[in-house]
Amino acid sequence: MDAHAPPRSPASDGGHGDGDGDTKKPHVLVVPYPAQGHMLPLLDLVALLAARGLALAVAVTPGNVPLLAPLLASCPPSSVATVTLPFPAASASGLLPAGCGENTKDLPGHLFRPFMASLAALRAPLLAWCKAQRRRRRRVTAVVSDMFTGWTQPLAADLGVPHVTFSASGAHYLAVSHSLWRRLPRRRCPDEAVSFQDVPGSPTFRWSHLSWLYRTYVAGDEVSEAIRQFFLWNLESSCFVANSFTAIEAAYVDRPLPDLMEKKVFGVGPLSDAVGRCTDRGGKPAVAPARVAAWLDAFDDGSVLYVCFGTQQALSPAQAASLAGALGRSAAPFVWAARGGTPVPGGFEAATAARGMVIRGWAPQVEILRHRAVGWFLTHCGWNSVLEAVAAGVAMLAWPMSADQFTNAWLLAEAGVAVAVAEGADAVPDAGQMADAIASAIGNGGASVRQRAAELGRSTAAAVAEGGSSSVDLEELVSILSSPKLTN
C-alpha cells in the first residue's frame with residue numbers, strides 16, 4: 001500500500017530541532033513506531049548516536065511529541081530535531097475511525113493492524129520535508145526506522161540514501177518474523193507446528209505462538225498486504241540493528257542469516273544500559289522508587305519475586321485470581337505491578353500485606369529488578385522487560401502471551417535463565433502448580449538458573465562497556481551512518 005497524506009507541510013520544532021544546525025554533519029532521519037516498547041529503545045539509540053556527533057531528526061505525530069522530552073533534555077544542543085507530521089486523517093486512509101489515538105497504548109487491540117498500515121500515509125509529507133532540507137543544504141544522509149515502518153525503505157531509495165531497520169526486539173525474533181513474511185507458511189491443522197530450518201537452532205513453534213500480525217494475514221486484504229510489504233521492504237535495508245547483545249544472541253548477530261538476506265545485524269543493546277537511563281522510562285512511577293526500595297530492604301537477598309506483565313496485557317479476572325492464589329500459597333515475598341484495571345481479588349492485599357506489595361499503574365521496574373532482594377521475575381517475556389531482567393542478573397518465570405514473547409521465552413530457556421510456568425494470553429494456570437513453581441524457584445530448586453542469570457548479567461555490563469561487543473557494533477554503525485554512500 002502506498003497511501004498518501006493530505007498535502008499539509010510537516011513542522012520542524014524549535015529548541016533542539018529547528019533544522020538550522022551544522023550543515024556539515026551527517027543528518028540521520030529516524031522514524032519510530034508509536035508504541036511504548038518500540039519507541040523507548042529507538043530513542044535510546046538516538047541518544048547514543050547524538051552523543052557521538054551525529055545530527056538526527058526524529059519524525060513523530062503531534063500526540064507523540066511529549067514522549068521526546070527526556071531525549072531532547074539529555075542530548076547535546078541542536079543535535080536532535082523533531083519533525084512533527086500530521087497524523088493520517090481517518091478520511092485519508094479509510095482504515096481508522098475519527099479521533100483515533102496516535103499511540104498503540106491508546107488503541108483497542110482490533111485497531112493495531114489498520115493503525116500500522118495507515119502510518120504509511122506519512123511517507124509523502126516526510127519525503128516533502130526531506131526534499132526541503134536538501135534545498136536548505138541540510139541533506140538527509142541516512143534513514144533509520146523501526147521494523148514496523150518498512151514503508152520508509154522506498155522513501156530512502158527515493159532520496160538515494162542508506163536505510164537501516166531497527167528492531168526493539170532481539171535478532172532471533174527479527175529472523176523468525178521476517179521468515180514468516182518471506183515464506184508464508186500456512187496452517188493445515190488447528191495448532192500445527194511451524195519449523196524455521198534456516199534460523200540457528202532450527203526452532204519450532206506452534207501456530208498459536210507465532211506473531212499475531214502474521215496469523216491474521218489474509219491474502220489480498222488491503223491491511224494484510226500492506227503489512228507484508230513493510231516486512232519485505234525491510235529486507236532491502238543496508239543492515240539491521242537489534243536491541244540485543246552477543247552473549248545472549250551470538251548465533252544471530254555473529255553470522256549472516258538467510259531470512260534476513262544475509263545482511264549484517266548489529267547488536268547494540270541493552271540500549272537502556274548503554275544510555276544509563278533508568279528512572280521514569282515511559283511514564284511517572286505510581287510509587288516512588290525510594291519507597292519500594294525501603295520496603296524491599298527488609299527481605300533477604302534473592303528472596304523476592306517481582307511480577308509484571310507489561311503495559312499492553314491485562315489479566316482476566318480468572319487469571320488474576322489464579323495468580324493471586326499462587327502468590328498467597330507460595331509464601332514468597334513479592335511485588336506485583338498490576339496494570340490499571342487488573343482485577344486484583346478483594347482481600348488479597350490485606351491478607352499478604354506482611355510480605356507483598358501491589359503497585360497499580362507504572363512501576364519503577366529497573367530499580368526493582370536491580371534491588372539485591374529481588375531474585376526472580378514472573379514476566380510475559382516482552383523484550384524490554386527481558387533485557388532489564390538480564391541486565392540486573394535476575395532469573396525469570398516465563399508466561400509468554402503474544403507478539404514476540406513466545407520466541408523470547410524459547411531463547412531464554414535455551415540460555416538457561418528462565419523456567420516456563422504458563423503460556424498463552426487465555427491460559428488460566430493452576431494456582432497450586434504455579435505456587436509450587438514459585439516456591440521451588442525462590443528455594444534451592446532455582447539455584448542453577450539464578451547462577452546462570454547472574455553470569456549473564458555480568459556479560460551484559462561487559463557488552464556495553466568500552467571495547468565490549470555492543471560498544472564495538474555501535475561504533476561500526478556510527479561509522480556507516482557518518483560516511484554513507486549516496487546515490488542521488
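Visitor: What does W336 touch, not counting residues up to four places away in sequence?

Guide: In this predicted model, W336 touches V307, L315, A320, L323, A324, L327, T342, V344, F348, M357, V358 and I359. Contact here means heavy atoms within 4.5 Å.

Visitor: Which residues touch the most other members of the largest nonpolar core?

Guide: W336 is one of them, together with L29, Y306 and L378, in a core of 132 residues. The term nonpolar core applies because its members are buried and joined through side-chain atoms within 4.5 Å. Helix α7 (residues 171-183) provides the largest share, seven residues.

Visitor: Why is this core said to lie between domain 1 and domain 2?

Guide: Domain 1 (27-267) and domain 2 (289-464) each give residues to the core, so the core lies between them. Apart from it lies another core, of 34 residues, including L56, L71, L72 and V478.

Visitor: Why is helix α17 called largely enclosed by the rest of the structure?

Guide: Buried means under 20% relative accessible area. Nine of the 11 residues of α17 (residues 405-415) are buried, so the helix is largely enclosed by the rest of the structure. The buried residues are Q405, F406, T407, N408, A409, W410, L411, L412 and A415. After α17 comes G416, with a positive phi near 80 degrees.

Visitor: What makes Y33, F87, F115, F148, W181, W207, Y214, Y217 and F231 a cluster?

Guide: Rings pair if their centres lie within 6.5 Å, and ring pairs link these nine residues, from Y33 to F231, into a cluster. By this rule, the count comes to 17 aromatic pairs.

Key. Residues numbered from 1 in each chain as written. Predicted model: local features only at pLDDT ≥ 70, side-chain atom pairs only at ≥ 80, totals over all residues. Heavy atoms only, no water. Buried < 20%, exposed > 50% of the residue type's maximum accessible area, 1.4 Å probe, protein only. Helix = DSSP H or I, 4+ residues; strand = E, 2+ residues; numbered from the N terminus. Domains from an automatic or database assignment. Phe/Tyr/Trp six-rings, centres within 6.5 Å; stacked < 30°, edge-to-face > 60°.
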